[in-house]
Number of protein chains: 2
Amino acid sequence: MSDSIRPPARRRRKEARPQELTAAALSLFVEKGFAATRLDDIAERAGVSKGTLYLYFDSKDALFKAVIKEGIVSALHAGEALFDEYDDPLELLRTILLGWWERIGNTELGGIPKLMMSEARNFPDVALYYQQEVLQRGTALLRKAVTLGIERGVFRQVDADAICSVLIAPLVYRAMWRQSFGPACGQETDTAQYLHTYFDLILNGLLAGAPSGDAR
Amino acid sequence: MSDSIRPPARRRRKEARPQELTAAALSLFVEKGFAATRLDDIAERAGVSKGTLYLYFDSKDALFKAVIKEGIVSALHAGEALFDEYDDPLELLRTILLGWWERIGNTELGGIPKLMMSEARNFPDVALYYQQEVLQRGTALLRKAVTLGIERGVFRQVDADAICSVLIAPLVYRAMWRQSFGPACGQETDTAQYLHTYFDLILNGLLAGAPSGDAR
DNA sequence: CCTAAATTACTGACTGGTTAGTCATTAATA
DNA sequence: TATTAATGACTAACCAGTCAGTAATTTAGG
């Protein structure tokens with residue numbers, strides 16, 4: 001009877017805590033949204049009490065910012081390997097887009113676009129930061145591949161900036177879907193088929209006839 | 001002194017109230033999210049008190065459902081005119097997509113996709129309803145145009161369901177952007193250019209060479 | 001080594017502010 | 001005068017943030 005029910009033995013893990021907390025916060029923010037997520041739930045999922053959370057973050061807002069910042073560095077880290085040289089601009093484009101899907105869109109990090117989209121107007125400063133550090137940086141990478149292709153005559157003449165936004169949209173949209181309607185409705189269509197059709201469309205185009213260069 | 005400050009004369013408008021309230025709720029839900037929006041603020045924007053809100057809706061959840069339902073009927077109403085006959089599948093496709101943008105994506109209703117995406121996991125029943133009544137219905141309409149084009153040999157052979165999801169994504173994504181990063185970061189790229197490039201891409205494709213039909 | 005003291009990561013009960021939802025009262029219309 | 005749309009003060013619940021206390025770990029002393 002000496003070993004009766006006792007609190008489950010607190011562990012001291014100062015180093016690992018922040019990451020554990022932001023990871024728990026990310027999944028809950030993505031699932032429920034920022035405002036609807038309780039700090040008690042985040043703490044519980046991270047295996048600590050709410051008080052501990054305040055040892056590492058000043059406020060709920062500060063935690064949100066840490067989650068995004070953490071996600072950004074992870075994303076940049078995941079994207080590092082994509083700068084390798086490719087001779088074929090077409091292959092480079094494929095690699096960048098598919099790489100984004102596999103390293104970000106289709107992982108835990110894929111929740112960040114949904115979260116950031118949902119909360120942008122509540123955290124305009126974070127949104128601006130995200131837009132500059134992630135979206136514009138990612139777009140710049142893509143644009144390199146596109147302009148290279150245009151210069152070589154592999155791609156048609158198109159507006160580079162606009163085409164980058166258009167190209168990214170189906171992937172980001174799919175990633176966001178995976179975090180909202182997917183879990184809510186079940187019934188998700190085949191991802192491999194989606195990606196195949198996506199690349200088929202953007203690389204070859206919809207028209208069967210000879211390319212006219214005039215979409216009117 | 002008889003006409004001292006007095007409450008601004010209550011008006012009785014039983015008929016119009018529900019619409020006024022759902023409209024106010026929609027804009028605030030889209031801006032702040034469901035949980036972060038206060039009922040007092042919704043009532044104030046609609047020009048009534050919170051008590052009045054409860055004359056027309058049982059709860060905050062019920063109000064949310066009403067907002068979505070209202071948005072859906074408006075959207076279906078806005079989309080009615082698109083069923084007209086077109087001989088050219090290419091023109092039909094353009095009309096459907098551009099029509100969606102102009103009647104929904106680029107209007108007040110454009111907030112609903114963002115709202116629904118944000119809250120899908122908090123209201124799975126509403127999400128399922130929305131998915132079936134809006135997304136699948138809209139996709140079916142698009143698929144008609146696509147399959148027609150394929151049958152006539154105007155479009156290449158592609159997976160109809162998948163291509164519809166891909167085609168819609170850039171428009172919906174843009175609409176959601178308009179409701180989040182747009183207001184948060186200012187600096188929005190030119191919409192006309194975006195749409196032009198979008199249609200250019202999906203209708204003609206990116207490759208300058210003759211269409212191969214093999215995207216690998 | 002072992003034990004005691006000092007340090008610090010961690011806890012959970014508590015508080016103050018906020019807000020969904022209620023209802024007795026008021027004012028507009030019939 | 002009767003009916004009912006509308007009000008706003010009120011309450012009960014909820015939750016971000018606090019802090020006095022507890023337990024794990026480290027250090028110092030024997």
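The residues that form the surface near DNA strand D comprise five nonpolar, five polar and 11 charged ones. The model is a predicted one. The points below take up DNA strand D, then DNA strand C, and then the interface of chain A and chain B.

**DNA strand D**

- DNA strand D is surrounded by 21 residues, and the closest of them are A:R10, A:K50, B:R13, B:T52 and B:Y56.
- Sugar or phosphate supplies 65% of the atoms of DNA strand D that lie within 4 Å of the protein, while the rest belong to bases.

**DNA strand C**

- Around DNA strand C there are 21 residues, of which A:R13, A:T52, A:Y56, B:R10 and B:K60 come nearest.
- Of the atoms of DNA strand C that come within 4 Å of the protein, 68% are accounted for by sugar and phosphate.
- Chain A reaches a phosphate oxygen of DNA strand C through A:R17, whose side chain has an N or O atom 2.8 Å away.
- In chain B, a polar side-chain atom of B:R38 lies 3.1 Å from a phosphate oxygen of DNA strand C, and a backbone N or O atom of B:T37 lies 3.4 Å from a phosphate oxygen of DNA strand C.
- Two or more residues of the surface near DNA strand C come from each of these elements: α3 of chain A and α3 of chain B.
- The element that gives the most to this surface is α3(A), with four residues.
- By residue class, the surface near DNA strand C divides into five nonpolar, five polar and 11 charged residues.

**Interface of chain A and chain B**

- Contact between the two chains involves 68 residues of chain A and 67 residues of chain B.
- Chain A and chain B bury about 6400 Å² between them, and 66% of this area is on carbon and sulfur atoms.
- Two salt bridges are found across the interface. In a salt bridge between B:R156 and A:D200, the side chains meet at 3.4 Å, N to O.
- Seven residue pairs in polar contact, both residues at pLDDT 80 or more, are found across the interface of chain A and chain B.
- On the side of chain A that touches chain B, the elements giving two or more residues are α1 (17-32), α5 (89-105), α6 (111-119), α7 (124-152), α8 (160-179), α9 (181-185) and α10 (191-204) of chain A.
- The largest share of this side of chain A comes from α8(A), which gives 12 residues.
- The residues on the side of chain A that touches chain B comprise 41 nonpolar, 16 polar and 11 charged ones.

Definitions and conventions. Residues numbered from 1 in each chain as written. Chains lettered and ligands numbered in written order. Predicted model: local features only at pLDDT ≥ 70, side-chain atom pairs only at ≥ 80, totals over all residues. Heavy atoms only, no water. Near = heavy atom within 4 Å. Nonpolar A, V, L, I, M, F, W, Y, C, P; charged D, E, K, R; others polar. Contact = heavy atoms within 4.5 Å. Buried area = accessible area lost by both parts, 1.4 Å probe. Salt bridge = Lys/Arg side-chain N within 4 Å of Asp/Glu carboxyl O. Polar contact = N/O pair within 3.5 Å; in protein donor to acceptor, adjacent residues only side chain to side chain.
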